Structures are given as C-alpha cells and as structure tokens.
Amino acid sequence: MGIELTLISRGYCHLCHDMEKALLPLVDEYGVALSILDVDADPVLEAKYDELVPVLLHGETELCHYFLDEPKTREYLAKIR
C-alpha cells in the first residue's frame, strides 16, 4: 500500500494553494497519494484546524502547517517509504 497524505485546505486560501503546488514534486518523487480536504466542509476539521490551514497530515501525524517544510517532509517520507 502506498503513502497517503492529506492536505487540509480551503478554497480561498493562497497559502493552501501554494502548499499544494509545492507538494507536487514530492508527490511525483515518492509516489504519494494526496487527498485534499476542505476544512470548511467539515465542522470537526474546522474546529481542529481552522486557523492553521494549510495542514499536511500523514494519518494523524501533522507534518507541517502554513508552509511546506520540505526538508522535514522529505525526511519523514524517506523513513516511511
């Protein structure tokens, strides 16, 4: 089974769009499946992550928020690969 990451995002958030674009090379390089969830569509997600978006998750593990921490994310993906 491949690696699945989740990006908690919102449609009008420029930081969210920036993180999604920044993730594309990692998605290709590591063969990651990326799902994008709209924080505003789920009251539970909104209560938990509202002001932190974008948030990158692997399961319940938060990898980064606001901006992609590429070195940390690469290191994490290399470990779980």
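How many disulfides does a search of the whole structure find? The search finds 0 disulfides, a disulfide being a pair of cysteine sulfur atoms within 2.5 Å. We will come back to the cysteines along the way.

Before you start clicking, note that this is a predicted model, in which local features need pLDDT of at least 70, side-chain atom pairs count only at pLDDT 80 or more, and totals for chains, interfaces and linings use all residues. Residues are numbered from 1 along each chain as its sequence is written, and side-chain values use heavy atoms, with hydrogens and water left out.

**Stop 1: the sheet**

Switch to a cartoon view and select the strands. Helices (H or I, at least four residues) and strands (E, at least two) are DSSP runs, numbered from the N terminus. You will find 4 strands in an open sheet, in the order 2-1-3-4, with mixed pairing; two strands pair if DSSP finds at least two bridges between them. Strand 2 and strand 4 stand at the edges with a single partner strand each, so one side of each has no neighbour in the sheet. On average, neighbouring strands are turned by 25 degrees against each other, direction ignored.

Now pick strand 3 and strand 4, which run antiparallel and are joined by 4 bridges. To see one of these pairings, select valine 55 and its bridge partner in strand 4, histidine 65.

**Stop 2: the helices across the sheet**

Show helix 1 next. Helix 1 lies across strand 1, strand 2, strand 3 and strand 4, running at about 165 degrees to strand 1. Then show helix 3, which lies across strand 1, strand 3 and strand 4, at about 155 degrees to strand 4. For these angles, axes are lines fitted to C-alpha atoms, for helices over the stretch in contact, and angles run from 0 to 180 degrees between N-to-C directions. Contact means heavy atoms within 4.5 Å.

**Stop 3: the nonpolar cores**

A nonpolar core is a set of buried Ala, Val, Leu, Ile, Met, Phe, Trp, Tyr and Cys residues joined through side-chain atoms within 4.5 Å. Buried means under 20% relative accessible area, exposed over 50%, and partly exposed in between (1.4 Å probe, protein chains only).

Select Leu5, Met19, Leu23, Val32, Leu56 and Leu68: of the 15 residues in the largest nonpolar core, these touch the most other members. Strand 1 (4–9), helix 1 (14–30), strand 4 (61–65) and helix 3 (70–80) each give two or more residues to this core, and helix 1 gives the largest share, 5 residues. Centre on valine 32 and, beyond its neighbours within four places in sequence, you will see contacts with Ile3, Leu5, Leu26, Val27 and Leu77.

Apart from this core lies another, of 9 residues, including Ile8, Cys13, Leu45 and Leu57. Leucine 57 sits in strand 3 (residues 55–58) and is buried at 5% relative accessible area. Leaving aside neighbours within four places in sequence, leucine 57 is in contact with Glu4, Leu5, Thr6, Ile8, Tyr49 and Glu62.

**Stop 4: serine 9 and the cysteines**

Move to serine 9 in strand 1, which counts as buried at 6% relative accessibility. Not counting residues up to four places away in sequence, serine 9 touches Cys16, Ile36, Leu37, Asp38, Val39 and Val53.

Cysteine 64 is buried at 6% relative accessibility, and cysteine 13 is buried at 11%.

**Stop 5: the salt bridges**

The whole structure has 6 salt bridges, each a side-chain nitrogen of Lys or Arg within 4 Å of a carboxyl oxygen of Asp or Glu. Select arginine 10, which is buried at 8% relative accessibility. Its side chain meets that of aspartate 40 in a salt bridge (2.7 Å, N to O). The two are 30 residues apart, with arginine 10 in the loop between strand 1 and helix 1, and aspartate 40 in the loop between strand 2 (33–38) and helix 2 (43–49).

Aspartate 50 counts as partly exposed at 24% relative accessibility.

Finish on helix 3, where lysine 79 and glutamate 75 lie 4 residues apart, about one turn of the helix. Their closest N and O atoms are 3.5 Å apart in a salt bridge. Lysine 79 is exposed at 64% relative accessible area, whereas glutamate 75 is partly exposed at 48%.
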